[in-house]
Amino acid sequence: MRETTPTALGGNRLSYEKSPYLRQHAQDPVHWLPWCPGAFHRAITEDKPIFLSIGYSTCHWCHVMGRETFQDPEVARMLNRGFVSVKVDREERPDVDAVYMEACQLLTGSGGWPLTILMTPDQKPFWAGTYLPPRGQGGGLGLVELLDEVERLWQSDRERLLELGCRVAGQVARQERVHAAVPDRALLLEAAGQLRRRFDRENGGFGGAPKFPSPYQLLFLLELARREGDREALEMAEVTLRQMARGGIFDQLGGGFCRYSTDRRWHMPHFEKMLYDNALLACAYLEAYAQTGRPFYREVACRTLDYAIEELGLPGGGFACGQDADSEGREGRFYLLTAADVREALGAAEAAAFCRRYGIGEGDSVPHLLEDEDYGRAWREEGDRCRRVAALRRRRCVLHRDEKVVVSWNAMMIAALAKAYRVLGERRYLGAAEAARLFLKTRLTRPDGRLYLCWRDREPAQDGQLDDYAFYCWALLELYEANFSVSCLREAAALAEQMEALFWDKEQGGFFRTPAGGERLIARQKEAADAGTPSGNGAAALALTELARLTGEPRFRALAGEQLAWLAGEAAVYPAARCFALLAMARAVYPGRELVCVCAGGAPEWLAGAGEAYRLSALVKTPDNQRALARLAPFTADYPLPAEGERFYLCREGACAPPAETLEDLRRLVAAEGVPVS
């Protein structure tokens with residue numbers, strides 16, 4: 001928490017902040033303060049409740065509430081008179097957001113952004129909601145009415161508010177003991193069954209509108225399909241991936257996915273684009289392509305990654321958080337097209353067929369391919385026209401981009417780019433992954449190896465949280481198996497050690513969201529369920545499991561085992577809500593293989609692709625790295641270097657087959673184990 005003294009407070013203080021979201025509210029007549037000790041000291045000394053508003057800079061309804069409500073003179077007068085008003089960027093403070101989102105769900109049964117909280121000076125929430133207009137409409141509550149009632153109760157019936165705040169804070173802080181369990185196949189199959197019962201067989205996805213892509217569910221189903229030969233799991237993943245890519249949630253002109261669909265068919269998106277969605281969806285399309293060989297999945301993955309590189313990539317290699325839903329004060333203005341727009345871009349002769357194919361009418365339309373049965377050829381046939389219409393969009397208006405670099409979200413993109421290189425063999429993706437890794441290493445890593453959470457305007461901010469350590473550790477291991485750089489493996493091992501020291505719950509198992517010794521909120525949470533992003537505990541399990549396989553180190557194997565046991569116990573009630581953790585459990589349930597490649601020179605060019613195709617965790621030992629590798633993976637000291645060429649040792653559960661010396665020999669070894677050879 002930043003140090004802001006009470007004497008420095010007065011008026012709206014957000015112009016001093018680096019967060020784009022906070023700066024968007026710097027001209028509000030509300031006397032906003034950032035989340036800081038001075039804000040809470042002021043609430044205590046002035047004997048006022050706190051009005052907390054949480055959002056982010058690319059959020060449509062945050063913009064609406066900002067314009068309609070926080071610019072309203074009466075709202076500002078009431079807030080400035082009776083409350084201490086605090087603004088939080090949820091991307092800068094995911095811990096604060098998570099605590100009060102849970103409070104909102106406890107109080108209302110739902111949540112979302114903007115998140116609106118009323119709480120005591122000691123941060124205990126007694127009212128929660130989301131978007132509020134300035135005044136009530138059609139019987140609904142407005143902020144003016146709410147503030148008037150809370151101000152009255154604070155003076156006349158404060159004990160009631162304090163008692164409710166204590167009760168809600170106690171529920172948020174409560175942690176039920178989880179009984180460790182053994183990860184087993186039945187847990188994975190139960191999760192698949194739960195997803196099957198919610199599956200929309202016509203449109204793909206799970207449940208009704210609004211419909212979220214939830215790529216971690218698709219990655220789990222693809223993993224189960226590969227491990228079990230489960231055709232129904234593969235069908236659920238494929239139908240969803242196809243329909244999403246045909247719909248308006250996928251930007252048919254510029255590539256990349258919007259955050260969610262407001263309808264069941266994936267037609268009408270909520271227009272903001274987030275880095276984490278596009279990273280994990282790219283992983284899912286790459287995995288679908290690796291399993292099926294269907295070019296459509298490759299094309300969608302490439303267009304998604306290319307969008308991220310071109311639109312979210314920053315100088316120096318990092319990636320911005322996302323792009324706004326709104327432009328020119330209107331949701332989706334950038335993306336909506338009319339037939340007249342297309343005629344302007346293409347001319348009348350080409351426009352008619354293009355509009356027919358993409359469902360563009362005379363009124364505002366979102367391009368889609370839901371009515372086109374030949375959608376698989378659309379980009380190859382219409383790519384040039386799409387680029388020309390996209391150029392018209394860019395000339396017409398510019399999207400706001402939140403240029404914060406968030407470690408965990410960048411880590412997801414590094415993992416996606418590394419996988420793209422392994423699956424597709426395109427070096428530009430490996431280069432982008434390595435550049436992003438260098439950005440995080442040089443700008444967001446302290447000299448002692450600890451991480452910051454985010455970076456903007458040449459400055460890092462906030463201590464890293466579990467998600468940052470867990471996803472970055474996982475990403476480094478994904479990158480290691482693409483470039484075989486021992487520095488990636490070394491950094492991943494160091495992060496795993498830091499993660500254990502800072503976040504591990506020694507009494508009950510699992511990792512806390514926030515580090516030991518960090519700022520004390522009303523709860524120190526420990527979560528396993530996936531939400532907008534996969535759970536940090538799931539990512540930690542995935543990273544530790546892979547690190548144990550690559551290094552053979554007993555300390556990582558033991559910690560991975562404890563984490564998987566905690567997750568298995570935690571997931572028992574409803575495993576489908578913990579799909580990212582199930583990816584890690586699958587590696588424990590199904591036997592894995594490791595490949596040790598010892599080389600007289602560097603690693604062969606084809607090795608990263610072979611490791612991906614045969615699902616091998618590969619280590620590379622060379623004359624240059626043998627000492628460093630032996631410190632990280634001591635068992636590799638026993639593998640002699642050849643005088644020339646390469647030698648490959650295929651191992652399973654600590655036992656290795658006789659060495660192979662060519663790719664063809666390796667193919668035969670893999671085939672002899674009954675693994676399909678691609």
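## Strands and loops

Helices (H or I, at least four residues) and strands (E, at least two) are DSSP runs, numbered from the N terminus. The model described here is predicted. In it, Glu-328 sits in the loop between β10 (326-327) and β11 (330-331). Its phi is near 50 degrees, a positive value in a residue other than glycine. Glu-328 is exposed, with a relative accessible area of 55%.

Gln-123 also has a positive phi, about 75 degrees, and is not a glycine. This residue lies in the loop between β4 and β5 (125-129). Gln-123 counts as buried because its relative accessibility is 11%, and buried means under 20%.

## An open sheet

β8, β9 and β12 form an open sheet in that order, with antiparallel pairing. β8 (273-274) and β12 (401-402) stand at the edges with a single partner strand each, so one side of each has no neighbour in the sheet.

Two bridges join β9 (residues 322-323) to β12. Gly-322 has Asp-402 of β12 as its bridge partner.

## Helices α9 and α11

The axes of α9 (residues 215-228) and α11 (residues 275-292) come within 9 Å and cross at roughly 20 degrees. The two helices are therefore roughly parallel. Their crossing is left-handed.

Residues of α9 in the contact include Leu-218, Leu-222 and Arg-226. Those of α11 include Leu-280, Ala-284 and Glu-287. By class, the contact has 10 nonpolar, one polar and three charged residues.

## Cis prolines

The peptide bond from Trp-113 to Pro-114 is cis, with omega near 5 degrees. Pro-114 lies in the loop between α5 (94-108) and β4 (115-119).

Ala-209 and Pro-210 are also joined by a cis peptide bond, with omega about -10 degrees. Pro-210 belongs to the loop between α8 (185-198) and α9.

Conventions:
Residues numbered from 1 in each chain as written. Predicted model: local features only at pLDDT ≥ 70, side-chain atom pairs only at ≥ 80, totals over all residues. Heavy atoms only, no water. Pairing = 2+ DSSP bridges. Axes fitted to C-alpha atoms, helices over the stretch in contact; angles between N-to-C directions. Parallel < 35°, antiparallel > 145°, perpendicular 65-115°, else oblique. Left-handed = near helix turned anticlockwise from the far one by under 90°. Contact = heavy atoms within 4.5 Å. Nonpolar A, V, L, I, M, F, W, Y, C, P; charged D, E, K, R; others polar. Buried < 20%, exposed > 50% of the residue type's maximum accessible area, 1.4 Å probe, protein only.
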